[in-house]
Amino acid sequence: MAVLRLRAAAELDRLAVRSFRSSSSWWRNSETDPKAAASQLPLQRDVKDRNVQWVFLGCPGVGKGTYASRLSTLLGVPHIATGDLVRDELSSKGPLAHQLEEVVNQGRLVSDEIIIDLLSKRLEASSAKGLTGFILDGFPRTIRQAENLEGVTEIDLVVNLKLREEALLAKCLGRRVCSECGGNYNVASIDIKAEEGNPAMYMAALLPPPHCASKLISRSDDTEEVVKTRLRIYNEMSQPVEEFYRSRGKLLEFDLPGGIPESWPKLLQALNLEDHDDKQSAAA
């Protein structure tokens, strides 16, 4: 029965998405971000025969994977992260595995052509199973990638997650991984006071269970200097991509107001969605 309820909820959410995307008031009703409220995204195409096709953008550490994964479950669509595609191909020993292994071992970036090829295959496999829709996580990151992506599929919406730099820096420096189970945690408890027109922000630490607490390790490149460099490079590269989608009327900029408890309901509000299971959990 639980499975049936989840499927029913997912179907209702799919119908809700089809409904809200047919109305330009969806964007004007957003109370989360003035930029989002000001932009009136036109309906790009009739989506009644398929599910949403969205992209999540945002700086390293902003939480793209977290929110994309939650929406993936809510809407019943695949969450596709390019890093996962590469790891899956490497483990499959498929035709690209050897080439990818050389690239990864040498610390080079995987080429746009390979990423697009892997993504195309993933979308074709989903289509063959009768699945429609997806949420891409962290791709595209350059104009060239965005243009190549347009040749593969049509994107309905690009959600650009934003977080104040001091909070981003603290989050990145607080990331930890359990060396035994691989679980991801964050030991940073972020409490920023309101100042200069910016609201206060609180983000609780995501602490590990007791059996993982003594096994936590941090990434070797999660140092303040490296993180600041990554954020600077990302911002320089992302601006043209943001403008690419903004000019096409597909960009929704969402400023995260805090941690998951504060941000998740507001993100759903900006997208005109409801998380029925989340409400039931809160009421229990």
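R87 is exposed, its relative accessible area being 53%. This value comes from a predicted model. Because the exposed class begins over 50%, R87 falls within that class at 53%.

The side chains of R87 and D84 form a salt bridge, with an N to O distance of 2.7 Å. Both residues belong to helix α5, which spans residues 82-92. Because R87 and D84 are 3 residues apart in this helix, about one helical turn separates them. Side chains of opposite charge can pair when their charged atoms come close.

Helix α7 covers residues 112-128. Within helix α7, D117 and K121 lie 4 residues apart, which corresponds to about one turn of the helix. These two residues form a salt bridge, and their closest N and O atoms are 3.6 Å apart. D117 is partly exposed, with a relative accessible area of 30%; K121 is also partly exposed, at 36%.

When residues up to four places away in sequence are not counted, S126 touches P78 and L131.

Helix α11 extends over residues 224-246 and contains both R232 and E236. These residues are 4 positions apart, about one turn of the helix. Their side chains meet in a salt bridge with an N to O distance of 3.4 Å. R232 has a relative accessibility of 45% and counts as partly exposed.

## Salt bridges across the structure

How many salt bridges does the structure hold? The total is 14. Among them are the pair R87 and D84, the pair D117 and K121, and the pair R232 and E236.

Salt bridges also link residues into a network, whose members are K162, E243, R246 and E253.

Note on methods:
Residues are numbered from 1 along each chain as its sequence is written. This is a predicted model: local features need pLDDT of at least 70, side-chain atom pairs count only at pLDDT 80 or more; totals for chains, interfaces and linings use all residues. Side-chain values use heavy atoms; hydrogens and water are left out. Helices (H or I, at least four residues) and strands (E, at least two) are DSSP runs, numbered from the N terminus. Contact means heavy atoms within 4.5 Å. A salt bridge is a side-chain nitrogen of Lys or Arg within 4 Å of a carboxyl oxygen of Asp or Glu. Buried means under 20% relative accessible area, exposed over 50%, partly exposed in between (1.4 Å probe, protein chains only).
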